[in-house]
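Hi there,

Here is the structure I promised to pass on to you. Have a look at it first, and then read on for what turned up when I went through it.

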Amino acid sequence: MPSNGSEMTKRTGYWRRRVLWWHHFFLLWSTVDAQTRYSIPEELKQGSVVGNVAKDLGLGLSELFDRKLRVESDAGEQYFSVDVGKGELLVNDRIDREALCGQSSSCVLPLQVITENPLQLHRIEIEIRDINDNSPTFKTERRQLKIAESTATGTKILLDAAQDLDVGMNSVKSYTLSKNECFSLKMKELSGDRRVPELVLEKPLDREKQSVHRLLLTAQDGGSPVRTGTASVLITVLDNNDNIPVFKNPIYNATVYENSAVGAVVAKVEATDADEGVNGEIKYSFAEDTALSLLSVFQLDPVSGEMSVIGPLDFESGSMHEIVITAKDKGVPEMEGHCRVQVHVVDVNDNAPEIVLTSNPNPIPEDAPKGTVVALLKAKDLDSGDNGKVTLQLSNSQLFTLKPSFSNNYALVTNGLLDRERFLEYNIEITATDSGSPPLSSKKTIPVTVTDVNDNPPVFSQSSYNVYLKENGVPGSILYSVSASDLDSGENAKISYSILDSKVQEVSVSSYVYINSDNGSIYSMHSFDYEKLKVFQIQVQAKDQGSPSLSSNTTVHVFILDQNDNAPSVIYPSSAALGSLSHQRMPRSAKAGHLVTKVTAVDADSGHNAWISYKVAEATDASLFTVNQYTGEVRTKRSVSEHDDSSQRLLIEIRDDGEPVQSATVTVSILLEDGLHEPILDLRHKVSEPSKKSDRLALYLILSLASVSVLSLVTFLILAVKCMRSSRSSGACCMRRSDCDDYKNPNRNLQLQLNTDGPIKYVEVLGGDMMSQSQSFRSCMSPMSEYSDFTLIKPSSTTDFKEVISVLDASLPDSTWTFESQQVSRQCNIHSKIEAQDICYGLVQIHTFKMCL
């Protein structure tokens, strides 16, 4: 059992020591059975062992340091400490029971043992046993009495009681009086088991024989060893005045509220004296041994006997005060009588409750489960009864609650899930209210800090990004900067960016771009060519540094913008396309407007950058020939005269509409011949066919041309009708995959767009998936010539115009149909990109037609 009391008390004999030891042993056993309790005598030396608190609380020695075990006392001073190495509770300071508990019969010092991780509170009580370390004392060591010689035997004179700070057996138990013939000593019983000595006159006094009697009053306590205190009594024998004042009541009971104002009357005492004259006049006063603390609170009117309040009363300091009042006459000798006034102080609710933190609140993670202990606290109120009953209440907090423990101790625990992103700190306001009337209350705010956990993924500022990039940019230049934010803090909010692996034209996207992992800036690794790559996607991932880490993705759509970086390339005359001089013949009989030849060129760029115009840069005779700005047709401006040179040379400049302008030139040599009636074109078949085979070939070509024309017309009409239905006022319309069930490729979309800007009016029909690359095909006929010359061109790469005759690139990254129409007399260019089945005739393979009608 955790008691060392039997080792601390002095013993007088062997059996007495054994009996006391077993008495304390069983007493402590029954107490600890309910809760942990120790019993020690007062005045133990510093460092004395009270008990093994670790063992009694079921804690291992290793837990004492890890769980930060500490002891707190309600007494204000830390009288005890814990040896964390041994788990023993030690005396830390001098313990004086009289200073702690005064005259209370029981002296128990409550301790709170607090452990953390998890936060727990244990209650321990230390019973402080009294030892006989104080001797009885009298307030006045010399008491003077005046007694008339005529005083009757048996008269009792009240003497001052001795005071002993010890309690129980160690307090005052008996009085003795020195031996004499006239006086004896008797004990008078008072309320509360109090006893005071009275001096009894045993024999009549004879002043002539002995005028002064000197007595010694001795007080003894019940301790072991016995302690004593003495006071001398000097009795002077007087003549006459043989009646003492007599109070109407020997005991007066009074009730007063502790908040009574100064001057409030507590009680009124009254005494009478049978003597006459001066011997019957009475004066009231407090007894000489009245405590100074009472003299500072009460006063007594010496004439009227009214006792009133002159100082503040405190129920908490004392609920009942007993005061002895003396009534003395003015005779010679003075005679006096005594009475007692018992003042009962009534408690009022004058003390507000107090909230005391037993442990400071620790920061808690935002994912802490419901019921997590945040802090330990207790409520105190110095008042008693209902005035001292305290209730605690949380103000406007649904996430926390108070869990009662014992003896007005509470635990502040969580009552729901916390969110650091909403509140970094919670200020928990607790209101303590007592049950008095009117009730008093106090408030205390407890700050609770919430620590972050990684529960929020990074969020991009946009769900997707569109980036427009000019082709031929400088490698290493920045394309775009994406940004993401994270509501978490610290490491949980640090974001790193990366590019998820994907394919662009069967090549990893990381070959095209890279990203700065710190700031999200995306850089190009080389320049882009619109003619090869028009659009691609980048999947960017933002990941935080939490554990476990969270991430989110976004898509960056990169659109390559076309620049005018391709000069027009001549595809007809074929000899000019191959870098040679184009030779043409015409009769001298040609009239004005005669079609000499037609120059055709294409531009690998798109949009305005691919619009081509023709003009004569140099000519042998500028008045003889002209070239159409849009069609490239070379015609005579006037009739040929006989004075014109037979050999004419034209330098035709071909320019696009881009910025800056790109151009090319072709030189045409024209030979004027007499008697020549048919123009000779470079597109004549070099191998002469029999007339019968030529007619058959022409028939096949006409049928093919008619089929393609009908197919193009039907397709155009269908698209136009659907476009008009969807939007009558719009200049463009889109056809989805579901709008055309006969469209065989489900990965393509169609778009019909009318453009009336500039000198060329055209309609574009766009279709196909975003990542496919378009190719251009053309079949040309001279609309104004007297002969229908048909050129069949097979699609090829867009990079080399000298090895192939015709490559056209679309303005969008799709396989498209484009219709261009120019209202210049009967001239019309229709550019159509049509995917069709291969049509084979001889060694000529037709993939796509582009017709110039």
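A word on terms before the first item: a patch here is made of residues with over 30% relative accessible area and no salt bridge, with nonpolar side chains joined within 5 Å. Please also keep in mind that this is a predicted model.

**A nonpolar patch**

Leu699, Tyr700 and Leu703 together make a nonpolar surface patch of about 290 Å². Leu699 sits in helix 8, which spans residues 691-726. Its relative accessibility is 46%, so Leu699 counts as partly exposed.

**The overall picture**

The protein has 8 helices and 59 strands. Of its 853 residues, 43% are buried. The accessible surface amounts to about 45200 Å², and carbon and sulfur atoms account for 50% of that. Taking contacts between residues at least 6 apart in sequence, 65% join residues at least 24 apart.

How confident is the predictor? The average pLDDT is 77, and 78% of the residues score at least 70. Residues 1-34, however, have a pLDDT below 50, and this stretch has 33 contacts in the model beyond near neighbours in sequence. Residues 678-690 also stay under 50, with 22 contacts beyond four places in sequence. Where pLDDT is low, the predicted coordinates should not be read in detail.

**Salt bridges**

Side chains of opposite charge can pair when their charged atoms come close.

- Arg420 and Asp452 meet at 3.0 Å, N to O. This pair links distant parts of the chain, 32 residues apart: Arg420 is in the loop between strand 29 (409-414) and strand 30 (425-434), and Asp452 is in the loop between strand 31 (441-451) and strand 32 (459-460). Both Arg420 and Asp452 are buried.
- Glu673 and Arg585 form a salt bridge at 3.6 Å, N to O. Glu673 belongs to strand 51 and Arg585 to strand 44 (residues 582-587), so the pair ties together parts that are 88 residues apart in sequence. Arg585 has a relative accessible area of 40% and is therefore partly exposed.
- Glu63 and Arg67 pair through their side chains at 3.5 Å, N to O. Glu63 is partly exposed, with a relative accessible area of 29%, whereas Arg67 counts as buried at 10% relative accessibility.
- Arg143, Asp160, Lys328 and Glu336 are linked in a network of salt bridges.

Which side chain does Arg340 meet in a polar contact? The partner is the side chain of Glu322, at 2.9 Å. Arg340 is part of strand 23 (residues 336-346), and with 13% relative accessibility it counts as buried. Beyond residues up to four places away in sequence, Arg340 touches Leu190, Ser191, Pro250, Ile251, Tyr252, Glu322, Ile323 and Val324.

Ser48 lies in the loop between strand 1 (36-41) and strand 2 (49-52). Its side chain reaches the backbone oxygen of Lys45 at 2.7 Å. Ser48 is buried because its relative accessibility is 15%, and buried means under 20%. Apart from neighbours within four places in sequence, Ser48 is in contact with Leu89, Leu90 and Val91.

Pro365 is in strand 25 (residues 364-365) and counts as partly exposed at 34% relative accessibility. Leaving out residues up to four places away in sequence, Pro365 touches Leu418, Val450, Thr451 and Val453. Pro365 and Val453 are 88 residues apart in sequence, yet their C-alpha atoms are 6.7 Å apart in space.

**Backbone geometry**

Most residues other than glycine have a negative phi, and most peptide bonds are trans. Here are some exceptions to look at.

The peptide bond from Asn117 to Pro118 is cis, with omega near 0°. Asn117 itself has a positive phi of about 55° although it is not a glycine. Asn117 is in the loop between strand 6 and strand 7, and at 57% relative accessibility it counts as exposed.

Glu659 and Pro660 are also joined by a cis peptide bond, with omega about 0°. Pro660 is in the loop between strand 50 (647-656) and strand 51 (663-673).

Lys68, in the loop between helix 4 (61-66) and strand 3 (70-73), has a positive phi near 55°.

Note on methods. Residues are numbered from 1 along each chain as its sequence is written. This is a predicted model: local features need pLDDT of at least 70, side-chain atom pairs count only at pLDDT 80 or more; totals for chains, interfaces and linings use all residues. Side-chain values use heavy atoms; hydrogens and water are left out. Patches are made of residues with over 30% relative accessible area and no salt bridge: like charges are joined within 9 Å, nonpolar side chains (Val, Leu, Ile, Met, Phe, Trp, Tyr) within 5 Å. Accessible areas come from the Shrake-Rupley method with a 1.4 Å probe; for residues, only the protein chains shown count as cover. A salt bridge is a side-chain nitrogen of Lys or Arg within 4 Å of a carboxyl oxygen of Asp or Glu. Helices (H or I, at least four residues) and strands (E, at least two) are DSSP runs, numbered from the N terminus. Buried means under 20% relative accessible area, exposed over 50%, partly exposed in between (1.4 Å probe, protein chains only). Contact means heavy atoms within 4.5 Å. A polar contact is a pair of N or O atoms within 3.5 Å; within protein, one must be able to donate a hydrogen and the other to accept it, and residues adjacent in sequence count only if both atoms are side-chain atoms. pLDDT is the predictor's confidence in each residue, from 0 to 100.
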